[in-house]
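Please find below some remarks on the model under review.

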Amino acid sequence: MNNNYSIDFFQKTMLKKALFEKYQNDLVDMNYENFQEIFQEILTNLSSWTESNVRERAKIFDEKGPGSIVDFKTDSNEHLLSFYQEAADLGFLGLSASKNYGGMNFPLLLSFMGFSLIAKECLSSSAQIGFFLSMISMIEKFCDEKDKQELIPLIIQGKISGCMCLTES
């Protein structure tokens with residue numbers, strides 16, 4: 001069953017027009033119709049991927065887990081690594097990242113919609129993928145240019161991820 005509720009919602013709202021107008025300067029070779037087609041194609045591909053691969057892999061994670069901790073380091077199993085690689089190959093990790101670093105510079109809303117499609121099929125997978133997306137955003141906002149040039153392309157390719165530590169002090 002292909003549940004395209006997010007695509008239907010997007011199609012029925014004025015969000016797409018507003019987003020196009022806001023990002024038109026960044027989406028150089030694109031008119032409004034191209035913009036609509038690309039948004040729908042991206043969401044359709046993400047929906048197909050999540051409803052097949054992510055859903056099936058969720059069962060494997062429930063049975064086998066995503067990996068283990070060895071010598072205080074995460075040792076991701078082949079199932080988790082293939083999830084990361086599929087997300088990178090689909091271009092999902094770079095959807096909202098700046099073109100300066102290999103991303104596609106689409107509105108963050110598109111990443112959030114894709115993230116929700118992943119969460120619908122496997123909540124733990126959405127938490128994993130969130131570390132890629134949130135790290136790109138933090139690096140773009142708070143790091144110097146050298147670090148951005150070095151780290152963001154690696155995150156978009158799925159080669160490195162990140163984590164965050166909060167303290168109460």
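1. In this predicted model, the lining of the second largest pocket consists of seven nonpolar and seven polar residues, with no charged residue among them. The volume of this pocket is about 190 Å³. Of its 14 lining residues, Thr74, Ser76, Leu80, Tyr84 and Gln128 are the closest to the pocket centre.

2. Four elements each contribute at least two residues to the lining of the second largest pocket: strand S1 (67–70), strand S2 (73–76), helix H4 (78–89) and helix H6 (123–142).

3. As to the overall architecture, the protein chain contains seven helices and two strands. Read from the N terminus, the order of the elements is α-α-α-β-β-α-α-α-α.

4. Ile118 deserves a separate comment. This residue belongs to helix H5 (residues 108–121). Ile118 counts as buried because its relative accessibility is 0%, and the cut-off for buried is under 20%. Beyond its neighbours within four places in sequence, Ile118 is in contact with Trp49, Thr50, Val54, Phe83, Phe92, Ser125, Ser126 and Ile129. For Val54, which lies 64 residues away from Ile118 along the chain, the C-alpha separation is 6.9 Å.

5. Which share of the contacts between residues at least 6 apart in sequence joins residues at least 24 apart? In the protein chain, the figure is 62%.

6. The accessible surface of the chain amounts to about 10000 Å², and carbon and sulfur atoms account for 55% of it.

Conventions
Residues are numbered from 1 along each chain as its sequence is written. This is a predicted model: local features need pLDDT of at least 70, side-chain atom pairs count only at pLDDT 80 or more; totals for chains, interfaces and linings use all residues. Side-chain values use heavy atoms; hydrogens and water are left out. Contact means heavy atoms within 4.5 Å. Accessible areas come from the Shrake-Rupley method with a 1.4 Å probe; for residues, only the protein chains shown count as cover. On a 1 Å grid over the protein atoms alone, a cavity is a set of points where a 1.4 Å probe fits but cannot get out, and a pocket is an open set with protein on both sides within 12 Å along at least five of seven lines; lining residues have an atom within 4 Å of a point. Grid points are joined across faces, edges and corners, and a volume is the space filled by probe spheres set on the points. Ala, Val, Leu, Ile, Met, Phe, Trp, Tyr, Cys and Pro count as nonpolar, Asp, Glu, Lys and Arg as charged, and the others, Gly among them, as polar. Buried means under 20% relative accessible area, exposed over 50%, partly exposed in between (1.4 Å probe, protein chains only).
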